[in-house]
Amino acid sequence: MFLYNLTLQRATGISFAIHGNFSGTKQQEIVVSRGKILELLRPDPNTGKVHTLLTVEVFGVIRSLMAFRLTGGTKDYIVVGSDSGRIVILEYQPSKNMFEKIHQETFGKSGCRRIVPGQFLAVDPKGRAVMISAIEKQKLVYILNRDAAARLTISSPLEAHKANTLVYHVVGVDVGFENPMFACLEMDYEEADNDPTGEAAANTQQTLTFYELDLGLNHVVRKYSEPLEEHGNFLITVPGGSDGPSGVLICSENYITYKNFGDQPDIRCPIPRRRNDLDDPERGMIFVCSATHKTKSMFFFLAQTEQGDIFKITLETDEDMVTEIRLKYFDTVPVAAAMCVLKTGFLFVASEFGNHDLYHTVHLGDDDEEAESSSAMPLEEGDIADLANEDTPQLYVACGRGPRSSLRVLRHGLEVSEMAVSELPGNPNAVWTVRRHIEDEFDAYIIVSFVNATLVLSIGETVEEVTDSGFLGTTPTLSCSLLGDDALVQVYPDGIRHIRADKRVNEWKTPGKKTIVKCAVNQRQVVIALTGGELVYFEMDPSGQLNEYTERKEMSADVVCMSLANVPPGEQRSRFLAVGLVDNTVRIISLDPSDCLQPLSMQALPAQPESLCIVEMGGTEKQDELGERGSIGFLYLNIGLQNGVLLRTVLDPVTGDLSDTRTRYLGSRPVKLFRVRMQGQEAVLAMSSRSWLSYSYQSRFHLTPLSYETLEFASGFASEQCPEGIVAISTNTLRILALEKLGAVFNQVAFPLQYTPRKFVIHPESNNLIIIETDHNAYTEATKAQRKQQMAEEMVEAAGEDERELAAEMAAAFLNENLPESIFGAPKAGNGQWASVIRVMNPIQGNTLDLVQLEQNEAAFSVAVCRFSNTGEDWYVLVGVAKDLILNPRSVAGGFVYTYKLVNNGEKLEFLHKTPVEEVPAAIAPFQGRVLIGVGKLLRVYDLGKKKLLRKCENKHIANYISGIQTIGHRVIVSDVQESFIWVRYKRNENQLIIFADDTYPRWVTTASLLDYDTVAGADKFGNICVVRLPPNTNDEVDEDPTGNKALWDRGLLNGASQKAEVIMNYHVGETVLSLQKTTLIPGGSESLVYTTLSGGIGILVPFTSHEDHDFFQHVEMHLRSEHPPLCGRDHLSFRSYYFPVKNVIDGDLCEQFNSMEPNKQKNVSEELDRTPPEVSKKLEDIRTRYAF
């Protein structure tokens, strides 16, 4: 079995975010890293939306990210510290839309190691040097400069090593143009290591150490070091030189401290706490992230506490001496992993969990309004099913953490925002938009055509009917367009109406009894087809007159559709006309004066064409003869067929030949095509039983359905409110739509939850979800109310006689105050405090049907829905709960299995009984009319009793702790928390569970999925996926040997079972996979293995069906590894083999980077494969569309 890995949705959790002018313009962009992905975002200051400009997989772990610019430069570079043992400097090239690797300096081994630098990066604020540091011992400083051609140069590394030293954080100190200086939070553990009594370890202090780079001597010296009173967790650089007092702010538990060289005394300031906080009072408070904002005249810092409160920090100075630190409450946002303050007044917050936000600062004082941007989630558990009875399955994923968690329903398609919907006086059959003048930014009219009339609406503040536009209203319209600079043209069955800007009208009438059946128009040309297949061609002359070409062209059959391309910039006309005929052919006809109306090429089609559309797409993919890269896209002819298939063919711009056809099935109705504009490029809207958008995004073609009801006709639409919209008709309504999240594969509906969702199951009859939610370090609602009551009483008691009334009022206000926890965070209760609920939810409406609150410190860990053989048709829900679990050092007071009966068609939980067990029941699975429960490391079979569950059978030989149970037939596959899979056979007659096989590798299994009777796919917590299969000769009829006469070496306890499973495939995803499922994602597609990850990624592994396919992709992958190495300098093969050598998996994410390579490299690679570049990208596209989107 050979598999191919494809990512459907890239990871969304952000680990680092930096901002700067990466494209060299005035506009600020944000670069974020999402684990192994670098992404460039541009916030639009006008709309508050965030656009993704570029996303690149780097096939390595990004451990640190910094922006820097050389002194006097206008462009920021990106420095990346990764697990590759190399420092990499990237520059963004806006013309090619790619990151270019400028420098890559190797200094150590690959992998995330303790003493190999890469964990911390610090940049000199003046852009002269960069320090890259390891967690322990090693630090390297590189000097950056520019050469005569203004290219960036990098020096050889200067060492600043110190043995036996742990590093907590590193920053560059702003010292103006003095020698560059770096500040480190360090701890020396040498004494603690050598002292056997342990006293030294207790007295170890953290130090703040300054390293100075002497530019004259080209050498780094450890300048100064001083011990700190409390333990710091990070440093903030204070602007220096002419901008400020220099120095650093040290953020530590409960305090923030300012330190600097010289006579400056330390200034300390406590971190403010919330009044009447429900948190554990013993718990300290720390800042978790910060952002600096500096203008010519002032600077301030924003620092966020772990509760989410942001404080604005300013320094009061007196002649270069800092006199006080001022903290002012600014706002509360969800806890962030990184924050960026932009010059435009936006605050970008990359949340630790849940959606990332872009806030707009109104003023730096008290009140704020906010705008939201894209979203991210850790996927806890995923399930794929068609619960909503749509034709394609939906993904149901539980995401987020704590009060910000949600259940999301993902559907394949682009999110559509409805701008306006208005009813029309009848059922229209077509709609167009036109501008008044070629220079106009926005459309002036919407023209709606009915069976016997035409309605003209003008676009302004509102949309209203006009009668003086010059259009003929008493006839249906076939097409209309802007002609030349400022004239309009209307084509209707009896003729052509040419309306000049001064409202003069020229008409051309059809000869005799003939009428116009089809037409095609662009800015300068009109082509019409008369009944009987006669083509008439008009072209605009320099005076603005429409002139008919002398000859007419008779086609061999009736014309069913036509299309003209837009006139290319700087040219007189579009050279080609595409005509679709009844005889299932498409013909390309020349409109060049030298061979006007001569046929150039034709293509036979599998069915009759319904519509045609010639567009220019993929603007950055081509180079012209001189090697100049321009946005000269390919010309594509899109052909919509009556049987619901869309064909896309490349149209040669010189000869008019058609080549390289791609096909996709879109739906059950004939496909109509419309040209629209999306993000400044041409795109095609294709309408069948669903509407699809075909567009080019980040040098790849996307064909994505719109998540919207069926539409009948559409046109592009541009107005002030909606610069790139679509106006469409559906039955008797006119709708204005906007598509914003291009490039996204799924759109999502989110339903909020109370605590972190752990697992959910689907009730097979009602399709309701039963979700268990559990949070550590949290209070249940009852305990929270009790704590608040207790605190209110204490407030009243603590007050003196005269302040009683005031205190009582304050206590009442405190009890009534209910802050939304999704913004302000839930109170942290302390270690060993748990809160849980069991929720029954309708996944289609998203409403909660039943909610069971468990008591404080009862934590739900597993759930199953099952039937018992002795109770007939009733469904039961079993929930495994741990009591008083303390994670470290681990202790547990026991557990329970709660049994509920599902009543009212699976809408209510009726409590039956609870069964005490001695360990945590972490896995439950229905099995042959009974139930299997993993209690700690014991595997047990239970049956339903009147007062509790009755134990029927158990196996004590599993190594550590059962984390999951899968069953098939008589076999039970148990996943152990660290010993991979164990195969167990249940013998009915002897009532025994017998281990008959296990795996040879240790794997920390997080989730598993059965592929067939002998094969299981699993994922571990280090980000690997494996498929393990029992060999064909495995015997599951083994006996547990009660007599002891079996050979000792065959008994195997130490080495596990006597039969071992074989590894079919190994693959490192790079993100912890939390759910696996075998399913089909598209109707009529083949099966694939879908996985979802902790960082919010969704991917699939698909099997190859033929050897030649596998061979082809293996060679593509091999060539790309050598021709297009990953950006951060990590070796692709060793990244995919991080823990186990990669086996039988080809990385589609790497293969798909073929499309973004330089054209000459594409040519080299495809020649090695005996193909052309279009053929290679066609193969890449085919395998993707066969299984998914």
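1. Two strands count as paired if DSSP finds at least two bridges between them. The model discussed here is predicted. In it, four strands form an open sheet in the order S80-S81-S82-S83, with antiparallel pairing. The edge strands are S80 and S83 (1062-1068), and each of these pairs on one side only. Neighbouring strands of this sheet are turned by 20 degrees against each other on average, direction ignored.

2. The S80 and S81 pair can be followed at the level of residues. The two strands run antiparallel and are joined by five bridges. One of the positions to look at is Val1005, whose bridge partner in S81 is Asp1020. As background, strands of a sheet pair through backbone hydrogen bonds, either parallel or antiparallel.

3. Next come the salt bridges. Side chains of opposite charge can pair when their charged atoms come close. The structure holds 69 salt bridges. One of them is between the side chains of Glu765 and Arg867, at 2.7 Å from N to O. Glu765 is exposed, at 54% relative accessible area, whereas Arg867 is partly exposed, at 28%.

4. A salt bridge also forms between the side chains of Asp1014 and Arg971, again with an N to O distance of 2.7 Å. This pair links distant parts of the chain, 43 residues apart: Asp1014 is in the loop between S80 (1005-1010) and S81 (1015-1020), and Arg971 is in strand S77 (residues 971-976). Asp1014 is partly exposed, with a relative accessibility of 27%. Arg971 has a relative accessible area of 5%, so this residue counts as buried.

5. Arg1184 and Glu1152 form a salt bridge through their side chains, at 2.8 Å from N to O. Arg1184 belongs to helix H11 and Glu1152 to the loop between H9 and H10, so the contact ties together parts that are 32 residues apart in sequence. Are these two residues buried or exposed? Arg1184 is buried, at 5% relative accessibility. Glu1152 is buried too, with a relative accessible area of 15%. Elsewhere, Glu918, Arg940, Arg951, Glu954 and Lys956 are linked in a network of salt bridges.

6. Helix H7 covers residues 1107-1123. At 1.5 Å a residue, its 17 residues should span 24 Å, and its end C-alpha atoms are 24 Å apart, so the two values agree. The buried residues of H7 are Asp1109, His1110, Phe1112, Phe1113, Val1116, Glu1117, His1119 and Leu1120. What covers these buried residues includes strands S1 (3-9) and S87 (1145-1147), together with helices H8 (1132-1136), H9 (1148-1151), H10 (1159-1168) and H11 (1173-1187).

7. What is the count of disulfides? The count comes to zero. A disulfide needs two cysteine sulfur atoms within 2.5 Å. For Cys1128, the closest cysteine sulfur is in Cys112, 10 Å away, which is too far for a bond. Cys1128 is buried, at 2% relative accessible area. Cys1026 is also buried, at 3%.

8. Pro476 is placed in the loop between strands S38 (463-465) and S39 (479-483). Its relative accessibility is 22%, so Pro476 counts as partly exposed. The C-alpha atoms of Pro476 and Val448 are separated by 8.9 Å, although the two residues are 28 residues apart along the chain. Leaving aside neighbours within four places in sequence, the contacts of Pro476 are Ser449, Phe450, Val451, Asn452, Ala453, Thr454, Tyr492 and Pro493.

9. Some backbone angles deserve a check. Most residues other than glycine have a negative phi, and most peptide bonds are trans. Asn888 and Pro889 are joined by a cis peptide bond, with omega about -10 degrees. Pro889 is in the loop between S69 and S70 (895-903). That loop between S69 and S70 also holds Asp884, which has a positive phi of about 50 degrees although it is not a glycine. Asp884 is partly exposed, at 31% relative accessible area.

10. Asn767 is not a glycine either, yet has a positive phi of about 60 degrees. Asn767 is in the loop between S64 and S65. With a relative accessible area of 23%, Asn767 is partly exposed.

Methods: Residues numbered from 1 in each chain as written. Predicted model: local features only at pLDDT ≥ 70, side-chain atom pairs only at ≥ 80, totals over all residues. Heavy atoms only, no water. Expected span 1.5 Å × (residues − 1). Buried < 20%, exposed > 50% of the residue type's maximum accessible area, 1.4 Å probe, protein only. Contact = heavy atoms within 4.5 Å. Salt bridge = Lys/Arg side-chain N within 4 Å of Asp/Glu carboxyl O. Axes fitted to C-alpha atoms, helices over the stretch in contact; angles between N-to-C directions.
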